[in-house]
Protein chains: 2
Amino acid sequence: MNLSDRKLKERKDRQDLILNGALQVFKSKGIEGSTMDEIALESGFGKATLYYYFKSKEEVFAAILTNGWKSLWDNLEPVMSVDNKSPRDTFVNILLCISDNVRSRPGLYEFLFNAPKKVNFESQEWRPFQERIYTVITTLIEDGIKLGEFPQSKPTVLFKALGGLFMGLVLMGKDKPVSKKDIEQLLNDLIPNNTIE
Amino acid sequence: MNLSDRKLKERKDRQDLILNGALQVFKSKGIEGSTMDEIALESGFGKATLYYYFKSKEEVFAAILTNGWKSLWDNLEPVMSVDNKSPRDTFVNILLCISDNVRSRPGLYEFLFNAPKKVNFESQEWRPFQERIYTVITTLIEDGIKLGEFPQSKPTVLFKALGGLFMGLVLMGKDKPVSKKDIEQLLNDLIPNNTIE
DNA sequence: TTAAATTTCGACTGATGATTCGATAAGTAT
DNA sequence: ATACTTATCGAATCATCAGTCGAAATTTAA
């Protein structure tokens, strides 16, 4: 007889508790600076129990990233695949969607966006999701440039600059909600509609 | 009788050798992931010798940052204090100057710009230099906005977006030299001169 | 040439922290 | 109730470094 559904769900819930605790500790102490003892304490389990649910510290770390990027992708996917709009409109909607996600899980996304740079771990199962998102956005920018809706710069460079804007948005979002108006304002400032003139 | 000038210079040279080796290792393994043994191997000294020149691993790290930010400041300072120009012109010149620095020490500046986020060390003697640079640039952007040379966004947000541009520049610079023309092109794309229209 | 100062280094120490062990407690089904 | 599976945990291991030691090599100055 296998584990019942309830059992499976409870197990998943406990894993989430551990992951949430780990995120707290990672954020305050940094990844290398965090110990499994602290994570155990923070999440309310014994240290050995962590190893019952996860093979290693690295797996805990990877699980946070994978869950995060996957859920961001799941929410973004439908927005991205609407294609009866101009790249610019899609771009605005993507920013709005990201902003919603960021607000719903305070602290998680700063971690998602920064943590991978800080560490040289082996497992990188989250990369595919991250890359899918980057690819779609890059394509979007390329299309926007072709259609003259974005500046005629190199896409890679423009992507970097817009990356800064993203970050500004993420950090801005921590304090106050970001409305569609705010985002359009920003885009109008930084990416003027230069089809005319 | 004190150490001769030659002796002092040789000592400084050896410190630089160690620092360069350390930078290599830090870049490839990350800061926490690097061991003093590796740094010793890479720089061609015995481990104990590192401790003859530096008190601790942290001091090695701090020395890299302090040297780097200080030398960037020293090069930037004269460019920044020319004030018979428009903020926009000064901004272009700053970017050019940074670009020169980046090209002259490949790899160093990615480290300077990213490493401080990765670590929670005590000593932060490099901060004053870093902050001086940030402050001047922020003021410059504020002035630019007042004079209508930059978009009328919040300075902090604009700073973030321009931060992305900086990074694009840094990474771009790795492949090919960046000319004054390139930079002006980028600025024209992203920060149109909207005094008229 | 020789004593003092400077520089070098491999081997040792001690602390820290990830991972494992072995025992115990719930929970479940018969 | 009783065997079997699942879950929990503190204590013991084991590896990895940062940092120290004490001896030796090299350089300098008399």
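A polar side-chain atom of T49(B) sits 3.0 Å from a phosphate oxygen of DNA strand C, a polar contact in the sense of a pair of N or O atoms within 3.5 Å. The model behind this is predicted, with local features needing pLDDT of at least 70 and side-chain atom pairs pLDDT 80 or more, while totals for chains, interfaces and linings use all residues. Side-chain values rest on heavy atoms, without hydrogens or water, residues are numbered from 1 along each chain as its sequence is written, and chains are lettered from A and ligands numbered from 1 in the order written.

| Residue | Atom of the residue | DNA strand | Distance to phosphate oxygen |
|---|---|---|---|
| Y53(B) | polar side-chain atom | C | 2.7 Å |
| S34(A) | polar backbone atom | C | 3.0 Å |
| T49(A) | polar side-chain atom | D | 3.0 Å |
| Y52(A) | side-chain N or O atom | D | 2.7 Å |
| Y51(B) | side-chain N or O atom | D | 3.4 Å |

Now for the wider surroundings. DNA strand C has 20 residues around it, the closest including R6(A), R11(B) and Y53(B); a residue is near when one of its heavy atoms lies within 4 Å.

Turning to DNA strand D, 20 residues surround it, and R11(A), R6(B) and K47(B) are among the closest. Here α3(A) gives the most, with 4 residues.

Conventions
Polar contact = N/O pair within 3.5 Å; in protein donor to acceptor, adjacent residues only side chain to side chain. Helix = DSSP H or I, 4+ residues; strand = E, 2+ residues; numbered from the N terminus.
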